Amino acid sequence: MDERDVRLLKAISDLGTGSPERLHEETDIPVSTIHYRLNNLREDGVIENDLYDLDHEALGLGVTVIVEVLADYEGPYEEFADELLAVEGVTEAFFTMGETDFVVLARLSSSDTVERLISDFEAIPEVERTNSTFTIATLRDEPRAPATYDLDTLIEELTD
């Protein structure tokens, strides 16, 4: 990845679009070059999709719950994680080191559905206990990490 790739990824993150015309306006990189580089970034797996981001609150899934899961399972953690990921509302899950085995983030429609979420976790035999935290306000929910960096930092850290 070179500086032009990083500039494109930063612009995509800041603008929330992959429109070559908008990216050209932001970066002054020629549109034909943008098309070529975006295709290469897709082929390399850096760009995963062209989906629209959703505002969870506007959608009706404005209750965010962070759940720590302590579990006693045998075998690969990925097999057990599949059971956690099957619980409705789970949007992110992380295998962690320390006291907690997994941290799960769920987006729910109301506080009434939290009981169902926790019951679903506790119905998994390997789950020993859960610790849940309701979020009061979302301070940042940025799906594009480059948007949280200064361009110069990204260029310094990511280019060859």
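Helices (H or I, at least four residues) and strands (E, at least two) are DSSP runs, numbered from the N terminus. The close-up views below show a predicted model, in which local features need pLDDT of at least 70, side-chain atom pairs count only at pLDDT 80 or more, and totals for chains, interfaces and linings use all residues. Residues are numbered from 1 along each chain as its sequence is written, and side-chain values use heavy atoms, with hydrogens and water left out.

View 1. A salt bridge is a side-chain nitrogen of Lys or Arg within 4 Å of a carboxyl oxygen of Asp or Glu. Arginine 7, with a relative accessible area of 30%, is partly exposed, and glutamate 3 is partly exposed at 37%. In these terms, buried means under 20% relative accessible area, exposed over 50%, and partly exposed in between (1.4 Å probe, protein chains only).

**View 2. A salt bridge connects arginine 37 and aspartate 5.** The N to O distance in this pair is 2.9 Å. Distant parts of the chain are linked by the pair, as arginine 37 belongs to helix H3 and aspartate 5 to helix H1, 32 residues apart. Arginine 37 is buried, its relative accessible area being 14%; aspartate 5 is likewise buried, at 11%.

**View 3. Arginine 42 and aspartate 50 form a salt bridge.** Their side chains meet at 3.4 Å, N to O. Arginine 42 counts as partly exposed at 35% relative accessibility, whereas aspartate 50 counts as exposed at 59%. Elsewhere, salt bridges with shared partners join Asp2, Asp5 and Arg37 into one network. The whole structure contains seven salt bridges.

**View 4. Strand E3 pairs with strands E1 and E2.** Two strands pair if DSSP finds at least two bridges between them. Strand E1 (residues 63-71) and E3 are antiparallel and share seven bridges; valine 63 has leucine 108 of E3 as its bridge partner. E2 and E3 form a hairpin with six residues between them, and glycine 98 in the turn has a positive phi of about 115°. Of the seven residues in strand E3 (residues 102-108), six are buried.

**View 5. Aspartate 28 has a positive phi in a loop between two helices.** Most residues other than glycine have a negative phi. The phi of aspartate 28 is near 65°. This residue is found between helix H2 (20-27) and helix H3 (31-43), and aspartate 28 counts as exposed because its relative accessibility is 63%.

**View 6. Glu78, Glu79, Asp82 and Glu83 form a negative surface patch.** Patches are made of residues with over 30% relative accessible area and no salt bridge, with like charges joined within 9 Å and nonpolar side chains (Val, Leu, Ile, Met, Phe, Trp, Tyr) within 5 Å. Asp and Glu count as negative and Lys and Arg as positive, while His and the chain ends are not counted. Glutamate 79, one of the patch residues, lies in helix H5 (residues 77-85). With a relative accessibility of 52%, glutamate 79 counts as exposed.

Key. Accessible areas come from the Shrake-Rupley method with a 1.4 Å probe; for residues, only the protein chains shown count as cover. The place of a charge is taken as NZ of Lys, CZ of Arg, CG of Asp or CD of Glu.
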